[in-house]
Amino acid sequence: MLTEIHPKLPMRDKAITREYYINKLGFQEYGNADYDGYLMVQKDKIQLHFFEFKELDPKENYGQVYIRTDDIDGFYQSLLDKKIPIHPNGPLQTKPWGMKEFSLLDPDHNLLTFGQDL
């Protein structure tokens, strides 16, 4: 039986990725060890892992993750209040497939899409 998933996304600079996810998106660092070239963060029940890829060209990064939430409006507003850039093609909107969604790009252009069932 499958019970959890922890996506692994590329990062160029661990300090920049850590700062973005912790200070801007409200995640916490997961685990009690600091691994060279690897980062784990968690927010509520969501955990994301990052591996170092210094040669990554952000414009050619296709890393993506879809994260479900039960308070899309509140989370979206909290990001706007912190002036976190929302993807230009991904403002909060209701989709024909019955989800309310928005997207943003992290510093390495990993696409984060957040959605809530309607």
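Where is Asp106 found? In this predicted model, Asp106 sits in the loop between strand S7, residues 99-105, and strand S8. I shall begin with this residue and then turn to the strands and the aromatic rings.

Asp106 is buried but takes part in no salt bridge. The nearest side chain of opposite charge belongs to Arg12, at a distance of 7.2 Å. A salt bridge requires a distance within 4 Å, and Arg12 therefore does not qualify as a partner. What does the side chain of Asp106 reach at 2.9 Å? That is the backbone nitrogen of Asn110. Setting aside neighbours within four places in sequence, Asp106 is in contact with Tyr20, Tyr21 and Phe50.

Tyr20, Tyr21, Phe27 and Phe50 are linked by ring pairs into a cluster. Over the whole structure, the search finds 7 aromatic pairs. One of them joins Tyr20 and Tyr21: the ring centres are 5.3 Å apart and the planes meet at 80 degrees, so the pair is edge-to-face. Tyr20 has a relative accessible area of 7% and is buried; Tyr21, at 0% relative accessibility, is buried too.

A further edge-to-face pair is formed by Phe75 and Phe114, with 5.0 Å from centre to centre and 65 degrees between the planes. Because Phe75 belongs to helix H2, residues 72-81, and Phe114 to strand S8, this pair ties together parts that lie 39 residues apart in sequence. Phe75 counts as buried at 14% relative accessibility, and Phe114 is buried with a relative accessible area of 4%.

Phe114 also brings us to the strand pairing. Which residue of S8 is the bridge partner of Ile67? The partner is Phe114. Strand S8, residues 111-117, pairs with S5 in the parallel sense, over 5 bridges. Strand S5 itself spans residues 64-68 and has two faces. Val65 and Ile67 make up the covered face, while Gln64, Tyr66 and Arg68 make up the uncovered one.

Finally, a word on a loop residue of another kind. Is Gly31 buried or exposed? With a relative accessibility of 52%, Gly31 counts as exposed. Gly31 is placed in the loop between strand S2, residues 28-29, and strand S3, residues 38-43. The C-alpha atom of Gly31 is separated by 9.4 Å from that of Gln42, a residue 11 positions away along the chain.

Definitions and conventions:
Residues numbered from 1 in each chain as written. Predicted model: local features only at pLDDT ≥ 70, side-chain atom pairs only at ≥ 80, totals over all residues. Heavy atoms only, no water. Buried < 20%, exposed > 50% of the residue type's maximum accessible area, 1.4 Å probe, protein only. Helix = DSSP H or I, 4+ residues; strand = E, 2+ residues; numbered from the N terminus. Pairing = 2+ DSSP bridges. Lys, Arg positive; Asp, Glu negative; His and termini not counted. Polar contact = N/O pair within 3.5 Å; in protein donor to acceptor, adjacent residues only side chain to side chain. Contact = heavy atoms within 4.5 Å. Phe/Tyr/Trp six-rings, centres within 6.5 Å; stacked < 30°, edge-to-face > 60°.
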